[in-house]
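Please keep the sequence and the model in view while reading.

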Amino acid sequence: MTTPLTLENIRQSPKALLHDHLDGGLRPATVIELAAQYGYDQLPETEVDKLATFFKTAAHSGSLERYLEPFAHTVGVMQTPDALHRVAYECVEDLARDNVVYAEVRFAPELHIDGGLSLDAVVDAVLAGFADGEKAAAAEGHSIVVRCLVTAMRHAARSLEIAELAVRFRDKGVVGFDIAGAEAGHPPTRHLDAFEYMRSNNERFTIHAGEAFGLPSIQEAIAFCGADRLGHGVRIVDDIEIDADGTAHLGRLAALLRDKRIPFEMCPSSNVQTGAVASIAEHPFDLLARLRFRVTVNTDNRLMSDTTMSMEMLRLVEAFGYGWSDLERFTINAMKSAFIAFDERLAVIDEVIKPRYAVLIG
Ligand SMILES: [Zn+2]
């Protein structure tokens, strides 16, 4: 018998997450405690509920630029090894309790050196937090693997340095590289040297593209930079025409991305909040899923978007009527697109995801 598609049952199902920002997933109470501990006096609120509301409200601003503003406060309290370790540890704990079995969590090391830490020390602290979090989750009965992507800020000029950091830490838990931040006026081709460095070292990377900005950003990310995955990529819908009879016609770029099985790291709630799409119901996720693009479901920023992997899946179920087999496909899509080794990906798919979904599908 098919298991009912409730939030609780989705929570119990294994999930894979490729696009989650460490500085966008803190617990509000932790932000307040770290601010007090380290003398950060810029918080707009110091009560847990009020601070949670502040982050949520700021995120619902309708523009990517305004959505990014409250990150000053989370980044502001993540400037010491202990704070970075705690945030990374709690991130793993929260994901594991939501039954995420594999996650790639990203963050920008260059935003965490204001307290005098080196880039290497920042990454060391976060990776130690992830490793300790994995152990604690296992002790609670949750098996989870968390790997790290290091992000360079697209308005800054440190991307090559961050790409070098990714390569230096490749066997210690960093599995890829990304660029993030305001898209308009900051095309990915400004960071070509970093992407070339990654490719020449046999490394993979994803690029935030086609979120706040249209097709040219996606075109650059794929054609010039050689991105392995796309962060969001929702504007690819501008390259798809739908006939009166419902037939879809793919433009050259959309066709290429589907043919190459380029993964789309889609973040439904976040995309609504930044104004990339008007509502979940109008999100191109469903069109792309029906056209068999490699779509994946992600959280982006669990604190600002007030969400979890299970919530994102539930919202898609409610908007598009998905069943367990659809959720299984999106989960397997994510595992196939992970930046860990092929045999490790297969092990999660064959030993964790498929057996569990077989029971759920009934
Ligand atoms: Zn993002």
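## Helices H2 and H6

H2 and H6 are roughly antiparallel to each other, a term used for angles over 145 degrees, whereas angles under 35 degrees count as roughly parallel, 65 to 115 as roughly perpendicular and the rest as oblique. The structure is a predicted model, in which local features need pLDDT of at least 70 and side-chain atom pairs count only at pLDDT 80 or more, while totals for chains, interfaces and linings use all residues. Residues are numbered from 1 along each chain as its sequence is written. Helices (H or I, at least four residues) and strands (E, at least two) are DSSP runs that are numbered from the N terminus.

Helix H2, residues 28-38, packs with H6 at an angle of about 170 degrees, and the two axes are 11 Å apart; axes here are lines fitted to C-alpha atoms, for helices over the stretch in contact, and angles run from 0 to 180 degrees between N-to-C directions. On the H2 side the contact involves Thr30, Leu34 and Tyr38, which meet Ala83, Arg86, Val87 and Glu90 in H6, where contact requires C-beta atoms, placed from the backbone, to lie within 7 Å. By class, this contact of H2 with H6 has 4 nonpolar, 1 polar and 2 charged residues, with Ala, Val, Leu, Ile, Met, Phe, Trp, Tyr, Cys and Pro counted as nonpolar, Asp, Glu, Lys and Arg as charged, and the others, Gly among them, as polar.

## Helices H6 and H7

H6, which spans residues 81-97, also packs with H7, residues 119-139, at an angle of about 35 degrees and with axes 7 Å apart. The residues of the H6 and H7 contact comprise 16 nonpolar, 3 polar and 4 charged.

Arg86, found in helix H6, counts as buried because 23 C-beta neighbours are inside 10 Å; a residue is buried with 20 or more other C-beta atoms within 10 Å of its own, exposed with 12 or fewer, and partly exposed in between, the C-beta atoms being placed from the backbone. Leaving aside neighbours within four places in sequence, Arg86 is in contact with Thr30 and Gly129.

## The nonpolar core

The largest nonpolar core has 108 residues, and those with the most contacts inside it are Ala88, Val92, Val126, Ile144, Val150 and Ala166. Such a core is a set of buried Ala, Val, Leu, Ile, Met, Phe, Trp, Tyr and Cys residues joined through C-beta atoms within 7 Å. H6 gives the most to this core, with 9 residues. When residues up to four places away in sequence are not counted, Val150 touches Pro109, Val123, Ile162, Leu165, Ala166, Val174 and Phe177.

## Helices H8 and H9

H8 (residues 159-168) and H9 pack at an angle of about 20 degrees, with axes 8 Å apart, and these helices are therefore roughly parallel to each other. Their crossing is right-handed. Ser159, Leu160, Ile162, Ala163, Glu164 and Ala166 of H8 make the contact with Asp193, Ala194, Tyr197 and Met198 of H9, and by class the residues of this contact are 7 nonpolar, 1 polar and 2 charged.

Ala221 is found in helix H10, residues 215-224, and counts as buried, with 27 C-beta neighbours inside 10 Å. Apart from neighbours within four places in sequence, Ala221 is in contact with Pro188, Ile207, Ala209, Ala227 and Leu230. The C-alpha atoms of Ala221 and Thr189 are separated by 7.4 Å, although these residues are 32 residues apart along the chain.

## Loop residues

Asn202, in the loop between helix H9 (192-200) and strand S5 (205-209), has a positive phi of about 55 degrees although it is not a glycine. Asn202 is exposed, with 8 other C-beta atoms within 10 Å. Arg261 likewise has a positive phi of about 55 degrees without being a glycine; Arg261 lies in the loop between helix H11 (252-259) and strand S9 (264-266) and is exposed, with 12 other C-beta atoms within 10 Å.

Gly275 is found in the loop between helix H12 (268-273) and helix H13 (285-290), where 16 C-beta neighbours inside 10 Å make Gly275 count as partly exposed. Not counting residues up to four places away in sequence, Gly275 touches Gly62 and Ser63.

Terms used. Contact = placed C-beta atoms within 7 Å. Left-handed = near helix turned anticlockwise from the far one by under 90°.
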